[in-house]
Amino acid sequence: MNIKGWFDIIEKFSSNRVLVVGDIMMDRFVWGNVERISPEAPVPVVEVIKETEHPGGCGNVAKNIVSLGGKSVIVTVVGDDIIGKRLKQIMESSGTDVSGIFQDFGRRTIVKTRIIAHNQQMVRIDRESKSQISGSVLEKIESFIKKTAKTVDAILISDYGKGMITKNLLKICINLAHKYNIPISVDPKIEHFMDYKKVTVITPNTNEASLGMRLHKKPQTEEEVYALGKKIITKLKSEAVVITRGEKGMSLFQKNKKVYNIPTRAKEVYDVTGAGDTVIATLTLALASGASMATGCEIANYAAGVVVGKVGTATATSKELKDIIKEYAKNG
């Protein structure tokens, strides 16, 4: 482990600006305690203590980038409603450039509400909008991306399958990344899996990877995981594929290179919400800062280890990232 080299990369995060394109949502959390069962039905009664809200989807990705010291420009769509206005305010106050947040009057802003008692998620309530973005709004988005791409150091696609990412938008982003010779990373959704061709890196979890490649079942053995990763590389012609594997960490696949396995660095796991956002944000910043793909994955893995130790939609700071790396190095 070359800690000094890794820390040099982390220090360079502050000089990089990332264009984050994707679906945004509001993550609401209702926190409480359970002391009894309802007399109306066999369900727990949650006595509410507090309520919090955080940007989710690409909003959480952009917040992670800023939290780690980088700069983010977010490109997304909200509805013409109070929640959309609130999301924009939160993103702006976090330090994200919000000039690429557009309103679509035909949609409503996505909200995911989680009921949590004693640090355990009881239920999640989704209010979603998956309709196509109106043509006039999409034109504004495409124009903004074309104008902004030349001013950033990386492009990140955060696809949650809610209508923001289209085949043509992907093509525009990928072509621009190639034109300006900057990395383009993708946190994928299975609906668009075959459209992520010739990106720098794609980061599916095991389930997304298998469904994206139209497999009938998830890989069970190491050999099956390795075959799946190599198949994605060949099919999508990407530079790298990172399959995130939960408690097994992550596996990096690159053309003509051995599979590189990275064990999980989480000390305790309280909540995996947003861990994928942290991985893609950290990896993208690392690549923009000159890290190799393997080093970027190692650093991103440590960042994920920070956020899964928190409850709710969380981010990692550069200090927390350095601290966890130092702790593991100290313990060998």
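Reader: Where does arginine 214 lie?
Author: Arginine 214 is in the loop between α6 and α7. Helices (H or I, at least four residues) and strands (E, at least two) are DSSP runs, numbered from the N terminus. The model is a predicted one, in which local features need pLDDT of at least 70 and side-chain atom pairs count only at pLDDT 80 or more, while totals for chains, interfaces and linings use all residues. Residues are numbered from 1 along each chain as its sequence is written, and side-chain values use heavy atoms, with hydrogens and water left out.

Reader: Why does arginine 214 count as exposed?
Author: Its relative accessibility is 52%. Exposed means over 50% relative accessible area, buried under 20%, and partly exposed in between (1.4 Å probe, protein chains only). Arginine 214 therefore counts as exposed.

Reader: What is said of phi in arginine 214?
Author: Phi of arginine 214 is near 65°, a positive value in a residue other than glycine. Asparagine 181 also has a positive phi, near 55°.

Reader: Where is asparagine 181 found, and why does it count as exposed?
Author: Asparagine 181 is in the loop between α5 (167-179) and β9 (184-187). With 70% relative accessibility, asparagine 181 counts as exposed.

Reader: What makes glutamine 220 exposed?
Author: Its relative accessibility is 57%, so glutamine 220 counts as exposed. Glutamine 220 lies in the loop between α6 (206-212) and α7 (222-236).

Reader: What makes a set of residues a nonpolar core?
Author: The residues must be buried Ala, Val, Leu, Ile, Met, Phe, Trp, Tyr or Cys, joined through side-chain atoms within 4.5 Å. The largest such core has 43 residues, and those with the most contacts inside it are Phe13, Val20, Ile65, Leu321 and Ile325. Helix α8 (residues 275-288) gives the most to this core, with six residues. A second, separate core has 41 residues, including Ile165 and Leu228.

Reader: Which residues is valine 20 in contact with?
Author: Contact means heavy atoms within 4.5 Å. Leaving aside neighbours within four places in sequence, the contacts of valine 20 include Cys58, Ile65, Val73 and Leu156.

Reader: How do you know that the radius of gyration agrees with a compact globule?
Author: The radius is taken over C-alpha atoms, and the globule rule is 2.2 Å times the number of residues to the power 0.38. For 332 residues a compact globule would have a radius near 20 Å; the protein has 20 Å, so the two agree. Buried residues make up 54% of the 332.
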